[in-house]
Amino acid sequence: MEIFGIPTQALFGQLLIGLINGSFYALLSLGLAVIFGLLNIINFTHGAQYMMGAFVAYLLLNKLGLGYWWALLFAPIAVGATGMVIERLMLSKLYKLDHLYGLLLTFGIALIMEGLFRNEYGSSGLPYPAPSQLTGGQNLGFMFLPNYRAWVIVASLIVCLGTWYAIERTRLGAYLRAATENPQLVQAFGINVPRMITLTYGFGVALAAFAGVMAAPIYQVSPQMGANLIIVVFAVVVIGGMGSILGSVVTGFGLGLIEGLTKVFYPEASNTVIFVIMAIVLLIKPAGLFGTQK
Amino acid sequence: MASDTYAAAAKGVSRHQAIAFALMLAFFVIAPVAGLYPVFLMKVMCFALFACAFNLLIGFGGLLSFGHAMFLGTAGYASAHAAKVWGFPPELAILFATACAALLGLVTGLLAIRRQGIYFAMITLALAQMVYFFYLQAPFTGGEDGIQAVQRGKLFGLVELGTAAGMYPLVLAVFIGGFLLIWRIVHSPFGQVLKAIRENEARATSLGYDTDRYKLVAYVLSATLSGLAGGTKALVFQLASLTDVYWTMSGEVVLMTLVGGLGTLFGPVVGAAIIISMQNYLAQIGAWVTVVQGAIFVVCVMAFRRGVVGEIAHWMKKPL
């Protein structure tokens, strides 16, 4: 069977890879958006923290014998905790300055972390097995769907929608949105805004680490795994605009799909298609698809 | 009032800056004679010009570009390709490279200035990554190998550039010329408007300035001068490679400018000298260089935001 002269097997295969990539774009841009909303900084360390999530999973397995499910729980907590330390010790000192300093600081921290892991583990990727419950796959008739990949898509959708629900529909989320609008006023109502900022940063970082653990069995665990990805995610964020949570999720998955389609129809452009879309969106709607120009 | 400021700005050159410039010029004239390795000095001058061009944008226009490597790298490829494949003489190769960078600056600038602040940084980074992927796949760049063994040729058909003695004066002239041009731009009425936009864009708009156009011109100028540095650098090393287009290079030029002092005239030169020397001496420790650079970033942002030259200027209470 063929569609537009492309075998359906290849087409759906690439679409699946697109959805997988889209899951990671969505999770990472969601974390960036949550952090940006309250802290007004772009977390350049996000890629490094994603990488650290994968490494925590790798180390838990090889040093302590704790498998994937434990890693999915512990890695976000551990990496999120280091994030909170960074926020308390360094980022919190910069809020009164130009926001660009926050960008430069997190860039520096990313260089340190990636350099340290490269010194310790080299540049080549380390293998990480998928959990035994999720090996194998389903034959859907038109294509073969590995269980683990289906799990990644479902899990990231659940986490994204859960985050959306927590921020848009709960009391804590209401505080968060209020603090984004006017931190002084919210503080005057007796809410500890600095602690909320620390926890928000920790949560955003934990999302990155969660994505890292999920990525470990698909891509290999390597110190550079986050560096190039984060630049694509920046483009995703520019395209979607950081105004809306659902917007970043939709943009993430959508761009993953478009990237997958490009791999089928014009493979040479698959690395650059997202950047090209970014350029077009900037021309037509500079604030981003779901953003509002301030 | 405005005309007074312009008059003062046009006069511009303070005694301290003139002395600092004389010292810098004297250093680069005497250093190779005094025994410093000429290729090292030429590398410092190329990166100093690159950092000065970058600083024109962030230091005086308030726009943080995280994609300046695309201009350095594009010019490098253009100059190497023109000199090696088309047999251009060096002066034309460098001119062609500068023009290519200017054109790229115009195209990317039109896109990037549509957003401010953090978005501007992300957009320039993404555009630069797109340019990197383009060069990674384009046939004329030689992929991972780059363009190697580029002939330096004869300047104006007269001066043989093959030796360091021939090449050094050219690089010095390019660097000093570029530096003086930036000095002139910063102190021109245009430079003053640019500073006004950095301080308060809404106010500048209300005074009737088309801020987008000023920002675009500053961006293109910065790209052009970065191209001048990149085109020259490719001839110095007789090599154009992917390293110069990769995002780490964009980060390095930010670091140089930050260490030397954002928004100071001489800061980027000092910063480039410090970072290049550090890379030279730390070359044997491999990946630790990245860690050290990251640590310098953190220290500069947390405790040393004025940079070396900025601190000196602050202490002397005079702009440098």
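B:Ala149 is found in chain B, in the loop between helix H6 (117-137) and strand E1 (154-155). The model is a predicted one, and within it B:Ala149 has a positive phi of about 50° although the residue is not a glycine. With 8 other C-beta atoms within 10 Å, B:Ala149 is exposed, because a residue is classed in that way when 12 or fewer such atoms lie within that distance.

A positive phi also occurs in chain A, where A:Asn40, again a residue other than glycine, has a value near 60°. A:Asn40 lies in the loop between helix H1 (8-39) and helix H2 (46-64) of chain A. Its surroundings hold 13 C-beta neighbours inside 10 Å, so A:Asn40 counts as partly exposed.

The two residues are set out below.

| Residue | Phi | C-beta atoms within 10 Å | Class |
|---|---|---|---|
| B:Ala149 | about 50° | 8 | exposed |
| A:Asn40 | near 60° | 13 | partly exposed |

Turning to the interface, 33 residues of chain B are in contact with 33 residues of chain A. On the side of chain B that touches chain A, the elements that give two or more residues are H6, helix H11 (247-260) and helix H13 (288-303) of chain B. Of these, H6(B) gives the most, with 14 residues; H6 of chain B is also the helix that stands at one end of the loop holding B:Ala149. By residue type, the side of chain B that touches chain A divides into 24 nonpolar, seven polar and two charged residues.

How values were computed. Residues numbered from 1 in each chain as written. Chains lettered and ligands numbered in written order. Predicted model: local features only at pLDDT ≥ 70, side-chain atom pairs only at ≥ 80, totals over all residues. Helix = DSSP H or I, 4+ residues; strand = E, 2+ residues; numbered from the N terminus. Buried ≥ 20, exposed ≤ 12 C-beta atoms within 10 Å, placed from the backbone. Contact = placed C-beta atoms within 7 Å. Nonpolar A, V, L, I, M, F, W, Y, C, P; charged D, E, K, R; others polar.
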